[in-house]
Amino acid sequence: MSAMTFVPREAAATSNAKAQAGRAGQAPPFPQAPLMQQPFALLPTGSIKATGWLRRQLEIQANGLGGHLDEFWPIVGPESGWLGGKGESWEDGPYFLDGLVPLAWQLDSAPLKAKAMRFIDWTLDHPWRNGMFGPRSNDDWWPRMVMLKVLTQYHELTGDARVMPLMTRYFHYQLQALPARPLSDWGRMRWQDELVSVLWLYQRTQDAKLLQLVQLLKQQGYDWQAMFARFPFTEKTDAEALRKKAGNSDAFMQDLGLQVHGVNNAQALKASPVWSVVSGSGSDREAIQHQLHMLDTYHGLPNGMFSADEHLAGRSPSQGTELCTVVETMFSLQVALAITGDAALGDRLERIAFNALPAALSDDMWSHQYNQQPNQVECSLHSRPWTTDGPESNLFGLEPNFRCCTANFHQGWPKFANSVWMATADQGLAAMSYSPCTVTTVVRDVPVVVEQTSDYPFRQSVNITVTPQQALRFPLRLRMPGWSKDTRISVNGESVTAAQGFTTIERTWAPGDTIEVTFGADVAFERGFNGALSFSRGALVYALPIKENWLLWRKRGLTNDWQIYPGSRWNLGMHADTPITVSEHPIGDKPFAGATPAVQLAVQGQYVPDWKATDGSADPIPAKAEPASDEAAQSITLTPYAGAKLRIAAFPSLS
């Protein structure tokens, strides 16, 4: 047992009353030697408050599953093992909190904070004598990796004096225990998620034992960088063939099956960048680019994701992507963007956040999909082209196919909101996205507030007001999206030349200084599977909406499970040179709702009679599509991808 003394809740409360409540509103610590410096750092959780449409998204989540799941879903109900009960004691409680904690404090919601604190207090007040924490029904390393992420966010928000002693005792215990009980299965594949938390604590305590632990985690963890260097999974996963190769089902789950698992690959995107902070290796820092290139080349989809239903599944847009894979990819990109400073990762993050994430959620966020398809012509119980998932996978409901996404999807929007701005290593600030928000932080020991007003990504203009407590010189960096043409920037009305990657504006900022940014967002098309055409404008992907007939399948407590059947024709092809007209419309109370699209594209399409559906899924896109000889081209309207729950996002290219 560690010699460190556990701080009981009563003593912690007294200590907290005297201490500053958390680090929100402060500058974040940056790695110091022997760790490698990094160009950016995520601001402490709570430093950024969503406004405008982004806040409405968070409110919708709080009014939906995100704020009510514990009231009727036993998995995170009163009997949860993370509340000391005999119920579920593995990953679901921590998953739920990983979104609930930042959501509750983003909205400053007393009811949501109270829900979160039941789990937090039990976890902090009931450590094991040996340094372990959490439910006593298992000692699996993996679910504790998730809860550590929860605790780091919670500490940044509150400064609770119980957190760091518990983490320190646990890491000391783990350092002693891992040689005899090494990482295995999920923990072995996801070691990098714990590494983030260990480094977080090291930067605050300089505890040398933590550097020993990171070496041990790396030694026992799966070598993702090596796997991608010789990437063997270049086709849709044949799960049965892999099982035969493994020899038995247990071996499949221990290695081969976990290598092609979508969520594992999503979390692995951060592995090399995070390790580079320890190794100091430039090749480690840059390895994420090769990983993304391999995933795009062999499994890439138009929405910025890779197929994984739930194993890597090739490039056909009729394959799906698990919602857990979406939110874990987003978190990996947030971490990697800070460490690498690669602006292109911000482009990728936005494409996923504004398309793949809301597409898998009903407009009211009372239901979600396990798998989404870019070409999704039906959400039903038909057999699907999934690699391993079951027939419920693309239904909208409480827990279609498997429950992990029910608990885990909640981290998507709150963590995105917390990554819109970052601190810079040279004591400045950087805009990573242009969603509406207010930033409250400290720059060079001076309090600074940044207000960002924008309807981005639905519109392309941004207004930023910088208000330091006193005139202050510091660099401010603006991420320049790779798709933007002729970006225009002005400070207090005076033009600034835009650069690629990041535009740096270093000056003495006076209270009330304003920055205006206007991006040039042309409609672009991309070639995909079998030459298919996909359309985007700025950060938004566009799709043909199919008329949706929602059919109630079964009631599930406060929510329902739904099937959706098509009510209009969808098998249309296009020419790459189709004329395109853009029209903008008001942004509704539900920003991504298909009934009120904020932007539309008018294009020309033509019926392709030989392109059909099998068991409720669009057949693979024909490489040579022949339009109907008896029908002329017709005007069709494309809407933002996320609002169309039935849609075509990749069109056959017409001969």
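The legends below describe close-up views of a predicted model.

**View 1. The largest pocket and its lining.**
The largest pocket has a volume of about 540 Å³. Its lining is made up of 26 residues, and those nearest the centre of the pocket are Leu 301, Pro 302, Gly 304, Arg 351 and Glu 526. Three elements each supply at least two residues of this lining: helix H18 (343-359), strand S15 (523-527) and strand S16 (533-537). By class, the lining of the largest pocket holds ten nonpolar, six polar and ten charged residues.

**View 2. The second largest pocket.**
For the second largest pocket, the volume is about 300 Å³. It is lined by 19 residues, with Ser 362, Asp 363, Glu 548, Trp 550 and Lys 645 closest to its centre. Strand S18 (548-556) and strand S19 (559-566) each give at least two residues to the lining of this pocket. The largest share, three residues, comes from S19. The lining of the second largest pocket divides into seven nonpolar, seven polar and five charged residues.

**View 3. Strand S22 and its partners.**
Strand S22 (residues 599-607) pairs with strand S20 (residues 572-573) in the antiparallel sense over two bridges. In this pairing, Gly 573 stands opposite Gln 606 of S22. Strand S21 (residues 581-584) also runs antiparallel to S22, and four bridges join the two strands. Here Glu 584 has Val 599 in S22 as its bridge partner. A further antiparallel pairing, with five bridges, joins S22 to strand S25 (residues 634-640). Within that pairing, Val 603 faces Ile 636 in S25 as its opposite residue.

Asn 371 belongs to strand S4 (residues 371-372). Is this residue, Asn 371, buried or exposed? Asn 371 counts as buried because its relative accessibility is 0%, and the limit for a buried residue is under 20%. Apart from neighbours within four places in sequence, the residues in contact with Asn 371 include Ala 308, Asp 309, Gly 320, Thr 321 and Glu 322. Also among them are Gln 376, Trp 386, Asp 389, Ser 393 and Asn 394.

**View 4. The open sheet of seven strands.**
Seven strands, in the order S2-S7-S8-S9-S14-S11-S12, form an open sheet with antiparallel pairing. At its edges are strand S2 (48-50) and strand S12 (494-496), each of which pairs on one side only. From one strand to the next, the twist averages 20 degrees. Within the sheet, strand S9 (residues 461-468) and strand S14 (residues 513-518) run antiparallel and are joined by six bridges. Ile 464 has Ile 515 in S14 as its bridge partner.

Strand S10 (residues 472-479) pairs with S13 in the antiparallel sense over eight bridges, and Arg 477 stands opposite Thr 504 in S13.

Notes
Residues are numbered from 1 along each chain as its sequence is written. This is a predicted model: local features need pLDDT of at least 70, side-chain atom pairs count only at pLDDT 80 or more; totals for chains, interfaces and linings use all residues. Side-chain values use heavy atoms; hydrogens and water are left out. On a 1 Å grid over the protein atoms alone, a cavity is a set of points where a 1.4 Å probe fits but cannot get out, and a pocket is an open set with protein on both sides within 12 Å along at least five of seven lines; lining residues have an atom within 4 Å of a point. Grid points are joined across faces, edges and corners, and a volume is the space filled by probe spheres set on the points. Ala, Val, Leu, Ile, Met, Phe, Trp, Tyr, Cys and Pro count as nonpolar, Asp, Glu, Lys and Arg as charged, and the others, Gly among them, as polar. Two strands pair if DSSP finds at least two bridges between them. Buried means under 20% relative accessible area, exposed over 50%, partly exposed in between (1.4 Å probe, protein chains only). Contact means heavy atoms within 4.5 Å. Axes are lines fitted to C-alpha atoms, for helices over the stretch in contact, and angles run from 0 to 180 degrees between N-to-C directions.
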